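Dear colleague,

Please find below the structure that I am handing over to you, with its sequence. My notes on what was found in it follow directly after.

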Amino acid sequence: MRRWLSTRLTIPLLSLIATGAFFCEYLPPFKRLHLFSDIEVYHYPLQRYAFQALKEGRFPQWDPSMYCGISFAGNIQASVFYPPMWLVYAANWRHRVLPFTPLEYFAFAHVWLAFMLCCLWLRARRLGWFASVMGGGVFAFGGYLLWQIVHLGVATAMHWMPLAFWGIDDAVERRDWRPLWKTALASAMWFLAGYPPSW
């Protein structure tokens, strides 16, 4: 049992340490920088509005601040129906307004999740530990995902890809449709995260 538990905790712990080290300039006690661009000027106002509406006891259905008013709940990039975003709201409920820093941490947490899910998917393909960790690191810290971290919908959607592939691999290997629950869950979360075109 101890060996099984240590094996199951190794990947999440290693990926968390690597993610923290990668973003150390954005995290306390070394914080010197903050994310900018769309996450700051587009996504943060959306999340702040949704948080404020919920604090006032109403569901954010309409956004009067853009284009003479548009549907807020219908704006897929608002991520109103994305369950991990609800955790951000709940964790910051004591604040009068939603601070920006939790949104940065939310984006970083998705990079960590990308690293971990990719490592687990590669381990399920019977690759070695080193190959799985390196593959997870390349997926999480390289190329498209980090380039798009300032676009919250992309950053919170992309990391579901390894879970979807894992479900497909399991279904093919077992010749059974039931492992496709992973692919269905990844597809739903990808859509709700706010950037379905990347799927």
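Cys24 has a relative accessibility of 31% and is therefore partly exposed, where buried means under 20% relative accessible area, exposed over 50% and partly exposed in between, with a 1.4 Å probe and protein chains only. Cys68, at 82%, counts as exposed. The structure holds zero disulfides, a disulfide being a pair of cysteine sulfur atoms within 2.5 Å. For Cys24, the nearest cysteine sulfur belongs to Cys119 and is 20 Å away.

Please note that this is a predicted model, in which local features need pLDDT of at least 70 and side-chain atom pairs count only at pLDDT 80 or more, while totals for chains, interfaces and linings use all residues. Residues are numbered from 1 along each chain as its sequence is written, and side-chain values use heavy atoms, with hydrogens and water left out.

Salt bridges

There are eight salt bridges in the structure, each defined as a side-chain nitrogen of Lys or Arg within 4 Å of a carboxyl oxygen of Asp or Glu. One of them pairs Arg32 with Glu25, with 2.4 Å between the closest N and O atoms. Arg32 is exposed at 61% relative accessibility, whereas Glu25 is partly exposed at 31%. Another salt bridge joins Glu56 to Arg58 at 3.1 Å, N to O. Both of these side chains belong to partly exposed residues, Glu56 at 48% and Arg58 at 38%.

What does the salt bridge between Arg125 and Asp169, at 2.7 Å from N to O, tie together? Arg125 lies in the loop between helix 4 (101-124) and helix 5 (129-141), and Asp169 lies in helix 8 (residues 161-174), so the pair links parts that are 44 residues apart in sequence. Helices here are DSSP runs of H or I with at least four residues, and strands are runs of E with at least two, numbered from the N terminus. Arg125 is partly exposed, at 46%, and Asp169 is also partly exposed, at 22%.

Nonpolar surface patch

Phe165, Ile168, Val172, Trp177 and Leu180 form a nonpolar patch on the surface, with about 510 Å² of accessible area together. Patches are made of residues with over 30% relative accessible area and no salt bridge, like charges being joined within 9 Å and nonpolar side chains (Val, Leu, Ile, Met, Phe, Trp, Tyr) within 5 Å. Accessible areas come from the Shrake-Rupley method with a 1.4 Å probe, and for residues only the protein chains shown count as cover. Phe165, a residue of helix 8, is partly exposed at 34%.

Helix 2

Helix 2 (residues 38-55) has 18 residues and spans 24 Å from its first C-alpha to its last, close to the expected 26 Å; the expected span is 1.5 Å times one less than the number of residues. At Tyr44 helix 2 bends by about 35°, and Pro45 follows within four residues. The bend is the angle between axes fitted to the seven residues ending at a residue and the seven starting there. The buried residues of helix 2 include Ile39, His43, Tyr44, Leu46 and Phe51.

Met66

Met66 is found in the loop between strand 1 (62-63) and strand 2 (70-71). With a relative accessible area of 18%, Met66 is buried. Its C-alpha atom is 35 Å from that of Pro162, a residue 96 positions away along the chain.

With kind regards
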